[in-house]
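Thanks for coming. I have one chain to go through today, so please look at the sequence and the structure on the screen.

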Amino acid sequence: MRTLYHHWLNPGCRAVRLALGEKQLDHDLQLEKAWERRTEFLRLNPAGVLPVLVEADDTVVAGHRTVLEYLEEAYPDLPLLPRRPAERAEVRRLIDWFDYKFSDEVTRNLVGEKVDKRLAGLGQPTSAAIRAGLANINYHLEYVAYLTERRRWLAGDQLSLADIAAAAHLSAIDYLGDVPWVRHPVAKEWYVRIKSRPGFRSMLKDRIIGIAPSAHYGDLDF
């Protein structure tokens, strides 16, 4: 059985979990507190970052983008990248949008401040950062709506790694109840569709000790 070393609200870990679900690849989850820098974990990934995928044959693949590329190449039967180069480029552009721009402007300011600092013992959250994250998320939800009003999924007609990247970040923030879905119904429609997919459902059971999820986190129709 393959094993994924992960942490609950790490968007990269969530993206890999979603991809494994879409590709219908069975896996075990191993919770890893990367900040503890366990010797056994550092042997798998000397960089000490999550996620890390270990295949049944002991192949080790580290880093969420590397793992996602590996899954596309090793298990191509249920693709998450389109065939045409221009369409692939659009998927990758949107992955960059969420993994860099959204992450810098929203995820780090909300999940980073409210959860990562607490779990790693790095002090109290910064209120200015939280306010910035809560303000910035509106712009990004408007962009999700803009895209899905013109396409079935974020990058085109088929669900892709672009949707998975977006859902990975937004689902982590939704755990905290910080996504203003009421103000962004079109973005919410897209999220309901991806949240209802079978590969998403294991994440809806995540529970962090001492940090309860939002009331609607596990609901498929909210």
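A word on labels before I start: helices, of at least four residues, and strands, of at least two, are DSSP runs numbered from the N terminus. With those labels, Arg-37 is found in the loop between E2 and H2. What you are looking at is a predicted model.

Let me stay with Arg-37 for a moment. Its phi is near 50 degrees, a positive value in a residue other than glycine. Arg-37 is partly exposed, with a relative accessible area of 45%.

Now the overall layout. UniProt, in an unreviewed entry, lists residues 1–79 as "domain: GST N-terminal".

In what order do the four strands lie? The order is E2-E1-E3-E4, in an open sheet with mixed pairing. E2, residues 28–31, and E4 are the edge strands, and each of them pairs on one side only. Ignoring direction, neighbouring strands of this sheet are turned by 20 degrees against each other on average.

E1 and E2 pair in the parallel sense, over four bridges. In that pair, Leu-4 stands opposite Leu-29 in E2. E3 and E4 run antiparallel and are joined by three bridges. There, Leu-53 stands opposite Val-61 in E4.

Which way do the residues of E1 point? Thr-3 and Tyr-5 point one way from E1, and Leu-4 and His-6 the other way. All four of these residues are buried.

Now the helices on the sheet. H1 lies across E1, residues 3–6, and E2, and runs at about 155 degrees to E1. H3 packs on the sheet as well, where H3 touches E3 and E4, and its direction makes about 130 degrees with that of E4.

These two helices also pack on each other. H1, residues 11–22, and H3, residues 64–74, meet at an angle of about 10 degrees, with their axes 9 Å apart. That angle makes H1 roughly parallel to H3. On the H1 side the contact is made by Gly-12, Ala-15, Val-16, Ala-19 and Leu-20, and on the H3 side by His-64, Val-67, Leu-68 and Leu-71. Sorted by type, the residues of this contact are seven nonpolar, two polar and no charged.

For another helix pair, go to H6, residues 161–175, and H7, residues 185–195. These pack at an angle of about 100 degrees, and their axes are 11 Å apart. H6 and H7 are therefore roughly perpendicular to each other. H6 contributes Asp-163, Ile-164, Ala-166, Ala-167, Leu-170, Ser-171 and Asp-174 to the contact, and H7 contributes Trp-190, Tyr-191, Ile-194 and Lys-195. Here the division is seven nonpolar, one polar and three charged.

The rest of my time goes to loops. Where is the cis peptide bond that I want to show you? It joins Leu-50 and Pro-51, with omega at about -5 degrees. Pro-51 lies in the loop between H2, residues 39–44, and E3.

Is Ala-56 buried or exposed? Its relative accessibility is 58%, so Ala-56 counts as exposed, since the cut-off for exposed is over 50%. Leaving aside neighbours within four places in sequence, Ala-56 is in contact with Met-1 and Arg-2. Between the C-alpha atoms of Ala-56 and Leu-20, which are 36 residues apart along the chain, the separation is 14 Å.

Asp-58 lies in the loop between E3 and E4 too. Asp-58 has a positive phi, about 75 degrees, although it is not a glycine. With a relative accessible area of 61%, Asp-58 is exposed.

Last item: Arg-151, found in the loop between H5, residues 127–148, and H6. At 27% relative accessibility, Arg-151 counts as partly exposed. Not counting residues up to four places away in sequence, Arg-151 touches Glu-90, Leu-94 and Gly-156.

That is my list. Thank you.

Methods
Residues numbered from 1 in each chain as written. Predicted model: local features only at pLDDT ≥ 70, side-chain atom pairs only at ≥ 80, totals over all residues. Heavy atoms only, no water. Buried < 20%, exposed > 50% of the residue type's maximum accessible area, 1.4 Å probe, protein only. Contact = heavy atoms within 4.5 Å. UniProt positions renumbered as here; feature names shortened; annotations may be inferred. Axes fitted to C-alpha atoms, helices over the stretch in contact; angles between N-to-C directions. Parallel < 35°, antiparallel > 145°, perpendicular 65-115°, else oblique. Nonpolar A, V, L, I, M, F, W, Y, C, P; charged D, E, K, R; others polar. Pairing = 2+ DSSP bridges.
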